[in-house]
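Dear colleague,

My notes on what was found follow it.

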Amino acid sequence: MEEHAPRFNLSIVSSDVEVGGARLSAEYALSDEEIAIAHWWVLINCEEVKYWKELHLNFPEVDGDLEYHNMTFANYFRTWMDMIKSDDNPNWSHELLLLAMQPQRARVYPTCTVNGVKFVSEERDSRRRTQNSGVMAKGHGLDYYGVLHSVVELVYAEGMKVHLFKCRWFDTGAQSMKMDQYGNLSVNTATSAYEDDPFVFATSVKQVFYLDDLARGDAWKIANIVHPRNIYRAATLGVTIPGPEADAYQEPNAVGIHDVATVRQNNVKHGRVLRIRDEDSTFIDVDPNEETDDDSDDELRHRLPDINSDTEEDSSDDSDYEP
């Protein structure tokens with residue numbers, strides 16, 4: 001981050017997120033409708049907006065109607081922020097005014113590093129010998145598993161940025177997720193769900209490594225939560241511990257996670273939003289002075305055996321795309 005870069009105090013704005021790679025091509029650009037959905041998702045999951053959200057829900061014309069609330073809240077919120085414009089109100093801030101004005105643009109990237117952990121889009125991951133596209137997000141008593149489609153950077157006025165992951169979620173039904181007697185969770189990656197709810201905060205996900213489930217076969221994968229190396233919690237350590245420099249964490253690629261073209265689409269619309277903000281928002285501290293080398297060395301250390309030597313490396317030189 002530049003020395004004089006603006007700083008924003010909203011909980012949804014994090015300096016621990018760094019996008020990477022050339023911006024994705026036009027086919028990955030968000031439509032106006034998707035930008036509106038992403039902005040709405042940010043609003044209803046922003047802790048500082050909670051007061052205004054509850055106020056709107058209790059309006060006589062809303063009367064707790066969630067569908068009507070979802071349709072009208074963004075406009076009400078912007079009107080309120082424009083009318084108040086005063087630091088005398090404890091529930092108003094300049095950052096909330098910027099948020100209410102909606103994103104000025106949306107940029108889409110293939111990679112992202114969050115708290116020292118590298119995430120890679122599913123499409124790019126399929127051309128590599130490492131696996132960094134698996135994600136897990138916690139909701140109300142339910143964990144959501146999927147793969148990263150793209151990294152979305154919403155740019156608001158004055159350069160305020162909010163980073164989201166656009167994900168392809170697997171079905172969370174009992175027929176698509178199985179737990180064995182040893183506590184291993186297996187997920188059917190040929191399923192798809194929550195197509196209308198693809199977004200989650202980049203800082204709210206954990207990385208998942210999918211292993212082939214040899215017992216169930218086909219598209220079933222055992223989900224393993226990744227525990228990054230050389231990343232420490234300051235609250236646990238109490239002191240700063242120097243360590244060897246390391247690239248962002250990567251895992252070897254698993255075989256055969258079905259891409260979006262072969263997914264069996266689940267057309268049942270679940271009609272609810274992932275309340276990711278309800279999870280324990282404990283962030284991992286990373287040494288800001290630690291340098292990150294090109295990912296080629298780390299990739300060499302995690303190569304699969306020669307049986308997969310015919311896998312094509314990700315050598316494409318993406319051109320920069322400006323939506």
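In this predicted model, three strands come together as an open sheet whose order is β1-β3-β4, and the pairing in it is antiparallel. The edges are taken by β1 (17-20) and β4 (117-120), and because each of these has a single partner strand, one side of each is left without a neighbour in the sheet. On average, and with direction ignored, neighbouring strands of this sheet are turned by 20 degrees against each other.

If you look at strand β3, which covers residues 111-114, you will see that β3 and β4 pair in the antiparallel sense over four bridges; within this part of the structure, T113 stands opposite K118 in β4. C112 counts as buried because its relative accessibility is 1%, where buried means under 20%. By the same cut-off, C46 is also counted as buried, since its relative accessibility is 3%.

As for the protein chain as a whole, it holds seven helices and 14 strands, and 46% of its 323 residues are buried. Among contacts between residues at least 6 apart in sequence, 73% join residues that are at least 24 apart. Finally, the chain exposes about 17,300 Å², of which carbon and sulfur atoms supply 48%.

Note on methods
Residues numbered from 1 in each chain as written. Predicted model: local features only at pLDDT ≥ 70, side-chain atom pairs only at ≥ 80, totals over all residues. Heavy atoms only, no water. Helix = DSSP H or I, 4+ residues; strand = E, 2+ residues; numbered from the N terminus. Buried < 20%, exposed > 50% of the residue type's maximum accessible area, 1.4 Å probe, protein only. Contact = heavy atoms within 4.5 Å. Areas by Shrake-Rupley, 256 points an atom, 1.4 Å probe, with all protein chains shown as cover. Pairing = 2+ DSSP bridges. Axes fitted to C-alpha atoms, helices over the stretch in contact; angles between N-to-C directions.
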